[in-house]
Amino acid sequence: MVNDIKPEALKLFYHGMDAPALVRGFQEYLEFFLAKDHYTATKQDIYTALALTVRNRLLERWIRTQETYYKQDVKRVYYLSLEFLMGRALGNSLVNLGMLDECHKAMHELGYDLEQVRETEWDAGLGNGGLGRLAACFLDSLASLEIPGYGYGIRYEYGIFNQRIQEGYQVESPDNWLRYGNAWEVARPEYLYPVYFYGKVLQYRDRNNHLVNQWLETEEVLAMAYDTPIPGYNNNTVNTLRLWAAKASRDFDFTYFNEGDYMKAVETKSESENISKVLYPNDNVFEGKELRLKQEYFFVSATLQDIVRRYKKHYKTFDKFPDKNAIQLNDTHPAIAIPELMRILIDIEGIGWEEAWDITVNTFAYTNHTVLPEALEKWTVDLFNYLLPRHLQIIYEINHRFLNEVRYRYPNDEARFVRMSIVEEAPEKRVCMAHLAIVGSHSINGVAALHSEILKDELFKDFYEMYPERFNNKTNGITQRRWLKKCNPRLSDLISHEIGDGWASDLYQLQQLRPLADKASFREEWRAVKHTNKERLVDLIKRENNLIVDASSMFDCQIKRLHEYKRQLLNALHVTTAYNRIKDNPNKEFVPRTVLFGGKAAPGYKMAKLIIKLINSIGDIVNNDPGIRGLLKCVFLANYRVSLAEKIFPASDLSEQISTAGTEASGTGNMKFALNGALTIGTMDGANIEILEEVGQDNIFIFGLKTNEVKELKPRYNPYDYYNQNQELKRVLDMIRDGYFSPHHRDLFHPIIDSLLKGGDNYLLLADYASYIDCQEQVNQTYLDKEKWAKMAIYNVAGMGKFSSDRTIKQYANEIWDAKSVPVDMTTCSL
């Protein structure tokens with residue numbers, strides 16, 4: 001790909017991109033930056049030297065990109081997210097720069113293996129799951145499409161926890177991902193902004209009789225910027241991910257120090273810097289809730305100050321602010337940005353309310369990521385008033401004006417008035433952040449077609465009826481650069497050999513694979529790639545789990561955040577059912593199957609953690625029972641993260657996407673599995689529906705209740721009916737309840753069974769069980785036909801064009817942001 005860049009532009013690069021240049025750069029960093037040689041260098045030193053060598057190839061483009069944006073006064077897109085699950089940067093940078101092959105050569109010449117060096121890099125785990133990984137994919141697409149874009153979030157000192165499995169239980173430990181520094185980031189101490197908390201608001205009239213609000217007696221925390229370059233694919237664009245770290249306004253109090261109270265002397269510094277200490281504090285207690293809201297306001301306040309600073313380089317008034325800035329709120333976490341921008345415009349810039357509100361609404365857009373009411377953020381008025389008193393005043397004024405509009409539109413509908421209020425008038429008043437985001441944004445989108453319809457028809461029905469023009473759908477996508485080209489080089493090379501590598505920029509080109517599905521030699525090569533990938537995962541399982549699995553067995557995978565609605569428990573019930581069938585039929589042939597689970601449960605989510613224990617307990621019995629003849633394995637892969645996912649997706653045969661219909665907003669794991677040639681077994685939920693439409697109903701396994709059927713069943717649902725009528729299901733539940741998988745603690749899993757029977761089975765596992773088991777039998781029969789399975793897998797990959805995040809970002813840019821591509825021309829570089 002280096003050859004794709006203009007020769008005259010290459011001359012302007014100070015740092016060469018071929019193997020000899022990389023060798024020189026590596027040696028310089030190792031000796032003159034790290035003060036090591038090849039004898040004393042550690043694995044971490046080797047990685048750091050290579051990372052800095054590659055990063056330098058980004059810096060020239062990075063500087064030139066920002067210069068281009070400034071000189072052309074472009075419209076910029078700002079993506080605000082509390083999570084960015086970036087994973088590892090080295091491999092992704094090499095792919096996007098087109099330097100992967102040259103780097104392999106350089107490291108080989110130096111006596112190192114590039115893949116082993118890449119394994120040294122810590123995952124940047126600044127996210128919990130799909131929300132953060134989507135944000136990372138979107139940044140890649142923004143840069144690859146040459147759209148001026150910035151990600152803004154928090155530089156957590158500790159990311160998503162590390163998960164260990166100890167006696168079958170999840171055990172959390174801190175993710176100290178910055179222990180050895182971060183070679184990719186650049187500290188920007190010149191961008192240091194004050195963020196205020198607490199205090200009181202003084203209102204008075206100035207000499208012109210204008211109402212003035214002064215936020216006084218506040219506590220100050222400083223936000224310092226750390227920038228990470230985000231390279232586009234096959235172009236010169238390098239965008240920016242800017243993360244904020246909390247710094248104390250005073251590092252040291254000499255008064256306390258001189259009095260001998262050394263702990264008190266640094267207490268303020270410690271308390272201030274807790275804001276960016278950890279991703280998602282436990283919000284089951286007041287202190288956790290306070291810290292969570294602090295985090296949200298902290299990064300939003302610093303971000304808006306940064307955006308305003310950048311805008312004011314060109315403009316003295318704010319009438320063009322929405323024309324030059326598009327701010328996308330990734331879920332409700334950054335919704336406090338709406339009253340914060342109002343505060344800046346009114347209190348600091350002196351703009352009147354109506355003008356400020358018009359600017360605000362036309363600047364913000366809101367993406368909703370959940371249909372679960374309990375997942376929609378609500379903060380108590382008391383907490384808001386304590387932490388952000390001026391913002392609560394602004395929210396009340398926004399709500400007052402909005403409800404006047406509601407009353408005007410619907411004069412005799414008091415119930416609607418109550419439902420739509422931003423401030424929930426319950427015994428404990430709460431601020432509904434989703435309502436605030438909807439009222440303060442010009443666009444509200446869901447992330448899959450079904451999800452967006454649920455928002456309009458159910459969750460936000462009142463708001464849709466009032467503002468129908470604001471609602472739209474933007475089905476999620478994934479970047480094919482990381483999730484195929486980087487993580488599955490064997491399949492990537494096979495595809496590119498047949499149809500060229502244009503698919504890396506235009507995923508719809510994978511449609512050219514369809515006729516190849518009928519070619520026997522291509523199917524044979526396809527299966528060989530899959531088997532090699534599975535052997536690689538076999539080695540990992542042996543190393544990490546001390547378990548030998550059969551690479552020729554079906555690799556049945558469910559890897560995602562542990563939550564009851566995602567129904568890992570239903571999968572576990574199928575494993576138990578398969579175990580019983582094999583035990584009951586010792587002379588019958590069965591399709592060998594290795595069932596792979598992976599995912600983290602929130603530390604305070606007891607039921608999800610107990611399900612992890614159950615999965616591991618089932619595995620302990622199944623994996624050590626000679627009576628099942630090695631036909632079934634149940635494996636839990638600990639510490640699921642981006643780098644582990646990159647090893648699982650290429651090896652997968654079957655993708656479990658089995659959430660209760662109407663609960664999963666979209667899902668992107670379903671797309672990653674399908675892009676890597678796995679077939680999907682799933683419900684008609686989230687993006688599964690659109691995958692079916694793209695790959696064809698003959699190339700996907702669908703089971704279970706549909707959304708409307710779930711809605712109809714729930715009011716009259718009795719899980720005992722299914723328990724009593726299906727003897728196979730009853731046997732499985734009784735085994736779990738009676739301690740078959742927990743012989744030393746027979747009532748251990750009673751809470752799980754109680755949740756299904758006595759607790760009402762909220763996610764309808766028992767209702768979908770029979771359909772799921774029948775569908776799994778259809779999977780088994782199809783897997784026996786290797787030619788048919790390979791053909792279906794090829795059709796799945798060929799149908800993935802729609803699910804590129806490039807397509808999603810183009811839709812955002814054209815339909816919400818009005819943002820244009822801005823190519824970066826290195827031939828006019830001023831360096």
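Helices (H or I, at least four residues) and strands (E, at least two) are DSSP runs, numbered from the N terminus. This is a predicted model, in which local features need pLDDT of at least 70 and side-chain atom pairs count only at pLDDT 80 or more, while totals for chains, interfaces and linings use all residues. Residues are numbered from 1 along each chain as its sequence is written, and side-chain values use heavy atoms, with hydrogens and water left out.

**View 1. The second largest pocket and the helices around it.** Helix α22 (489-499) gives the most to this lining, with five residues. α4 (90-97), α5 (100-110), α6 (114-118), α21 (480-486) and α26 (642-648) are among the helices that each supply at least two residues. The pocket holds about 780 Å³ of space (a volume is the space filled by probe spheres set on grid points, which are joined across faces, edges and corners). A pocket here is an open set of points on a 1 Å grid over the protein atoms alone, where a 1.4 Å probe fits, with protein on both sides within 12 Å along at least five of seven lines; lining residues have an atom within 4 Å of a point.

**View 2. The lining of the second largest pocket, by residue.** About 780 Å³ of space lies in this pocket. Of its 31 lining residues, Val95, Leu100, Asp101, Lys485 and Pro489 are the closest to the centre. The lining divides into 16 charged, nine nonpolar and six polar residues (Asp, Glu, Lys and Arg count as charged; Ala, Val, Leu, Ile, Met, Phe, Trp, Tyr, Cys and Pro as nonpolar; the others, Gly among them, as polar).

**View 3. Asp306 and Arg242, a salt bridge between a helix and a strand.** The closest N and O atoms of this pair are 2.7 Å apart (a salt bridge is a side-chain nitrogen of Lys or Arg within 4 Å of a carboxyl oxygen of Asp or Glu). Asp306 sits in helix α11 (residues 286-311) and Arg242 in strand β11 (residues 238-248), 64 residues apart. Asp306 is buried at 0% relative accessibility, and Arg242 is buried too, at 6% (buried means under 20% relative accessible area, exposed over 50%, partly exposed in between, with a 1.4 Å probe and protein chains only).

View 4. Arg401 is partly exposed at 34%, as is Glu397 at 28%.
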